[in-house]
Amino acid sequence: MKLRVLACICAALACTPAPSRAQTKSIYSNLANPAIGFNALFLDQAARDLNEPYGPQFQESEISLLSVVDPYWNLWANIVFAPDGVDPEEVYATTTRIPAIQLKIGKLRATFGKHGLLHTHAFPFIQAPVIMANTIGEEGFKAAGMEAAWLTPSPWYCELTGGIYQGAGADAEHPLDFGSSEHDNVPFLGHLKNEVDLTDNTTMELGASALSGKGTDGHTHAAYGADLTLRNVPLRRSNQRGWILQGEYIEKGSYPGGTYSREQHGWYASYQYRWSQICWTGLRAEEAFDSFTDVLTDPSTGDPVPGRIRRVSANVAWTPSEFSFVRLEYSVARADDGKGIAPLDRRLMVQLCYTIGYHPAHAY
Amino acid sequence: MKSFLRWMLALAIILAAAPAFADLRVATSLTDLASVAESVGGRHVTVMSLCKGYEDPHFVPAKPSLMKAIQNADVFVSVGLELDGGWLPLVLPGSRNPKIQPGTPGFVDASEGIDVLEKPTGTVSRAEGDVHPLGNPHYYLDPKNLEIVAAHLAAVFSALDPANAADYSANARAFGDRMEGALAKWQAELAPYKGASVVTFHRNFIYFANRFGLKLFGNVEPKPGIPPTPRHIAELAQAMRQAGVRVVLYQPYYDADASRDVAGKAGGVAVEIPTEVGGTPDAKDVLSKFDSIVSSLVKAFSNK
C-alpha cells in the first residue's frame with residue numbers, strides 16, 4: 001500500500017509541468033522598485049549687464065522615475081524642483097504593444113523641433129536659445145495631452161507624430177496662447193522626423209514641426225519649426241570623439257481675420273566638438289526677431305520691450321564621467337528694439353551637473 | 001510565343017535564384033550573439049547585430065536607424081547584465097516592434113543560465129567607476145558560455161518556429177561539439193602559459209582568464225569608465241616591471257596610445273585583440289575570434 005502511494009506521488013511529480021521561464025524581465029531595472037535617477041544643476045553667473053548679484057545659484061534638480069506598469073504600458077515621470085517651486089514636468093505612460101506606433105499619454109513635452117525635447121541638464125549650452133522662450137517655451141511646449149508616433153514603413157527612419165493637448169493661455173513659461181475656452185479648442189501638433197545614416201559614423205536628421213490652437217482672442221495661434229542636425233560619432237571611438245552641427249528655425253504667429261501674421265521668429269546654429277572622453281567644446285550663434293529678453297527693457301518703466309537679439313555663445317565642458325560635468329560658458333548678446341534701446345549682454349557662467357541613481361539611456 | 005516563353009523562363013530563373021525567405025529574423029545587441037544565432041539558426045534565420053565588433057558595446061549611439069533596423073525583427077537577443085543598458089532602453093521601444101519588447105517570447109536575455117562572475121557584494125557605488133551592478137557582463141569571452149547561449153537560442157527559436165525545432169537543436173549540438181573541439185586545441189596552445197599575467201584596458205577579460213588559467217594583473221583605465229591618467233599609467237607600468245608582467249591587451253575601441261604607453265614603460269608589448277566578433281578583420285565568427293585571441297597571446301607570451 002505504502003509503495004503504491006509513493007509510486008503515485010512520484011508519478012504526479014513527474015507529470016508536473018516545468019515552471020515556465022519568468023516573463024517579468026525589465027530592461028530598466030531588475031528590482032521591484034522603479035528605476036530612480038536624480039539630477040542636480042548648480043549655476044554661477046557673472047552678468048555685468050544684468051542688475052543681479054554675481055554668485056552661485058541652485059538652478060534646479062530633477063527626479064526621474066521609470067518602470068514597467070504591465071505588459072502593455074511603461075510609465076515615466078520627471079519631477080523638477082526649482083527655486084520657484086515643484087513642477088511635475090512630465091508624467092506619461094507609453095504603449096509597448098502596438099506595432100509601428102507608440103502612444104504617449106499624460107503630461108508631455110510636445111515633440112516639436114529639437115531643443116524643445118531636452119531636459120535642462122541635457123542642454124548643449126547653459127542658456128536655451130532666445131527664440132525658445134519667445135515661441136514654444138524655453139523648455140519646449142509642455143502640456144497635458146496625447147501623442148501618437150508612427151514609425152513609417154519607409155526604408156529610412158521616418159517618424160510621423162501627431163498630438164493633441166490641453167489648451168492654456170500664454171504665460172512666462174508658455175508663450176503660445178491656446179487659452180480659448182471654446183469646446184473646439186484642441187491644440188494639435190504635427191511633427192515629421194527623418195534620419196539617415198550618411199556613413200557608419202555620420203547621420204543627418206531633418207525635421208519639421210507645427211503646433212496650432214485657439215487663443216483667448218478667439219484667433220488661431222501657431223508655431224512652426226524646421227531643424228537640421230548632422231552628427232558624427234566615430235564608431236571606434238564612440239565615447240571619445242565626435243561632433244554635432246545643429247540648426248533650428250522657429251516662428252510663432254496668429255491668424256487674425258484668417259490671414260497669418262508672424263510674431264516672433266528666429267534661429268540658432270551650433271557646433272559641438274568632443275576632443276576626448278572628458279572634454280567638449282561648443283559654439284553657437286543665434287538671432288531672434290521681435291523677441292523679448294531680460295536685458296531689453298524700457299529704461300523708464302522697466303517693462304520688457306521686443307527687439308532683435310543676436311547672441312554668440314562659446315563653452316567648454318569637462319566630463320570626468322557620464323554622471324557629472326562642469327561647464328564654462330561665455331555669451332555676448334546685442335539686443336536692439338530699433339528705437340534707441342540697444343543694450344549689450346555679456347555673461348560668464350559656470351554650471352555644475354550631478355546625476356545619481358538610474359542613468360537613462362543616452363539620447364542620440 | 002517564343003518570346004513569352006523566354007520571359008517566363010527568365011522569370012523562373014530569377015525567382016529560383018532569389019534568397020529563400022528566412023523563418024526568423026533575428027537581431028542581437030552584440031556580434032558574438034549574432035554569430036551564435038547564425039550557427040544555431042542556419043538557413044532558417046537572417047541575423048544582424050546592432051553593435052559592430054569594433055564598437056564599444058557600452059557606448060553604442062542609439063541612432064534612430066538602429067530602431068528602424070529592428071522594426072520587423074522576430075527575435076531580439078540582448079547580451080544582458082546591463083552591458084547594453086546605455087542604449088538598448090531607447091532602441092527597443094523606439095523600434096515600435098511589439099514582438100521583441102522585454103517580457104515577450106521574442107526578447108531574449110542571453111545571460112540567462114550563465115554563471116556570472118564578479119557579482120558585486122556589499123554596497124555598489126559609482127565611487128568605483130561605472131560598475132556593472134549585476135556582475136561582469138563580458139561572459140562571451142568563455143567559449144563554454146557560448147555553448148550555453150547556443151542551447152538557450154535553440155530553445156527560443158524552437159518555441160517560435162516549432163517546424164524547424166529539430167534543426168535548431170541539431171545545430172546547437174553541432175556548435176557545442178565544434179566549440180569543445182576548438183577549446184581543447186586552444187587550451188593546448190595556451191597550456192605553456194598557464195598562470196601568466198596580463199593587463200587589460202578594461203576589466204572584460206575575466207571569463208577568458210578563468211577558462212585558460214591566466215591571471216589579471218590590472219587595468220589601464222584606473223576604474224571602469226574613467227580614462228587613464230599619467231600617474232596611473234606610470235604606477236601600473238612600474239608595478240608590471242616589478243612583477244615581470246609584460247603583456248597589455250586592448251580592444252580596437254579603446255585608447256591604443258595609453259595601452260602602448262603602459263607597455264612601453266613596462267618593457268612589454270601592447271596587443272590589440274578582438275573581444276567581440278568583427279573587432280579585427282580576422283575575427284569573422286566566434287571560432288575565428290578565439291583563434292585570433294589565442295594566437296595573439298601565444299605570440300605575445302613567446303616573444304617576451
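1. Two strands are said to pair if DSSP finds at least two bridges between them, and the strands (E, at least two residues) and helices (H or I, at least four residues) are DSSP runs numbered from the N terminus. This is a predicted model, in which local features need pLDDT of at least 70 and side-chain atom pairs count only at pLDDT 80 or more, whereas totals for chains, interfaces and linings use all residues. Residues are numbered from 1 along each chain as its sequence is written, with chains lettered from A and ligands numbered from 1 in the order in which they are written.

2. In chain A, strand β6 (residues 142–151) runs antiparallel to β7(A), joined to it by 7 bridges, and a hairpin of 5 residues connects β6(A) to β7(A). Gly145(A) lies opposite Tyr165(A) of β7(A).

3. Strand β7(A) is also joined by 8 bridges to strand β8 (residues 188–197) of chain A, again antiparallel, and Glu159(A) has Lys193(A) of β8(A) as its bridge partner.

4. In chain B, 4 strands form an open sheet with parallel pairing, in the order β2-β1-β3-β4. Its edge strands, each pairing on one side only, are β2 (45–49) and β4 (107–109) of chain B.

5. Strands β1 (residues 24–28) and β3 (residues 75–78) of chain B run parallel and are joined by 3 bridges, with Thr28(B) opposite Val77(B) in β3(B).

6. Helix α10 (residues 286–302) of chain B, with 17 residues, reaches 24 Å from its first C-alpha to its last, close to the 24 Å expected at 1.5 Å a residue, where the expected span is 1.5 Å times one less than the number of residues.
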